[in-house]
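Hi,

Here is the structure we talked about handing over. Please load it, then read my notes below.

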Amino acid sequence: MIEKKWIGHEFPACVLAIERGRLQFFAKAIGETRSVYTDPSAARAAGFPDLVVPPTFLFAVELDSGALDRVVAELQIPVAKLLHGEQSFTYHRPAYAGDTVTVRSTVTDIYEKKNGALEFVVKSSRALNQRDELVAEFRSVIVCRH
Amino acid sequence: MPSNRFDTVQVGDELPTLQLAPVDRTMLALFAGASGDHNPIHIDIDVARRAGLPDVFAHGMLGMAWLARLITSWMPQSALRRLEVRFLGITHLGNAMQCSGRVIDKLDHEGERCVRVELQSTNQFGQRKIVGEALVALS
């Protein structure tokens, strides 16, 4: 049983300096071959300052820092019972290789279905760049199956 | 890339589909490293079996990244305002996912002309694994 007291809990901020090599690796892993995602000079020729950060990459920030693991541990969710239920991103401005992104997350809801057989944790996040500009907001629904 | 003019996009338009190769262990290992999701349930069969599963399975966020590719192959990423998905079921090894999308609405959103695109990711057996929606701004 995940305690409701965690609703409103804010996790420590996570910071990721977005490197070109990491974006090239991510592009390879998702099968993305277009040059604005893989070739810095092609990205610049297309009018971007550097490689474009693809739409779902920012989810990595809290994984790299171990923050998501700590959320799961703090809320005492068994990892083996964990599923990703929903995910959304709202985009405010682009991010590029060379940017440093800070993500702050809050537990915004905890609820159950099927008499507690399924528990849901909703985590809402904001990602800011090094100029404190809002890059994206995202929301994850994590499901724990009992 | 097709025109991103609002008047050339119609409700009912289908996006060019994105067909992926069958999910294999190498794909999952690469995605674990690149995405930062090191949960062993996606890369270590021993851990998956201890959790009562027959084998490792794909990260949900890999499937979402493919749906994002579907959108950004259709319109520039700078036009993407919102992307949301619901994960319906596990994407297993050997599943060859096909990502598809269809324009379902044209609307004004915060002063911009936008379209809503319905998204889905289906395996070769016709099982839907991810459904979702994108909001894309057009000029």
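How many residues of chain A are in contact with chain B, and with how many residues there? In this predicted model, 26 residues of chain A are in contact with 30 of chain B. On the side of chain A that touches chain B, the elements giving two or more residues are helix 1 (20-30), helix 4 (60-64) and strand 2 of chain A. Strand 2 gives the most, with eight residues. By class, that side of chain A has 15 nonpolar, seven polar and four charged residues.

Strand 2 of chain A deserves a look on both sides. Nine bridges join strand 2 (residues 82-91) to strand 5 (residues 134-145) of chain A. There, Leu83(A) has Val143(A) as its bridge partner. Five bridges join strand 2 of chain A to strand 2 (residues 80-87) of chain B, again antiparallel. Ser88(A) stands opposite Glu84(B) in that strand of chain B.

Last, helix 3 (residues 60-74) of chain B. At 1.5 Å a residue, its 15 residues should span 21 Å; the end C-alpha atoms are 22 Å apart, which agrees. Of those 15 residues, 14 are buried, so helix 3 of chain B is largely enclosed by the rest of the structure.

Best regards

Methods
Residues are numbered from 1 along each chain as its sequence is written. Chains are lettered from A and ligands numbered from 1 in the order in which they are written. This is a predicted model: local features need pLDDT of at least 70, side-chain atom pairs count only at pLDDT 80 or more; totals for chains, interfaces and linings use all residues. Two strands pair if DSSP finds at least two bridges between them. Helices (H or I, at least four residues) and strands (E, at least two) are DSSP runs, numbered from the N terminus. The expected span of a helix is 1.5 Å times one less than its number of residues. A residue is buried if 20 or more other C-beta atoms lie within 10 Å of its own, exposed if 12 or fewer, and partly exposed in between; C-beta atoms are placed from the backbone. Two residues are in contact if their C-beta atoms, placed from the backbone, lie within 7 Å. Ala, Val, Leu, Ile, Met, Phe, Trp, Tyr, Cys and Pro count as nonpolar, Asp, Glu, Lys and Arg as charged, and the others, Gly among them, as polar.
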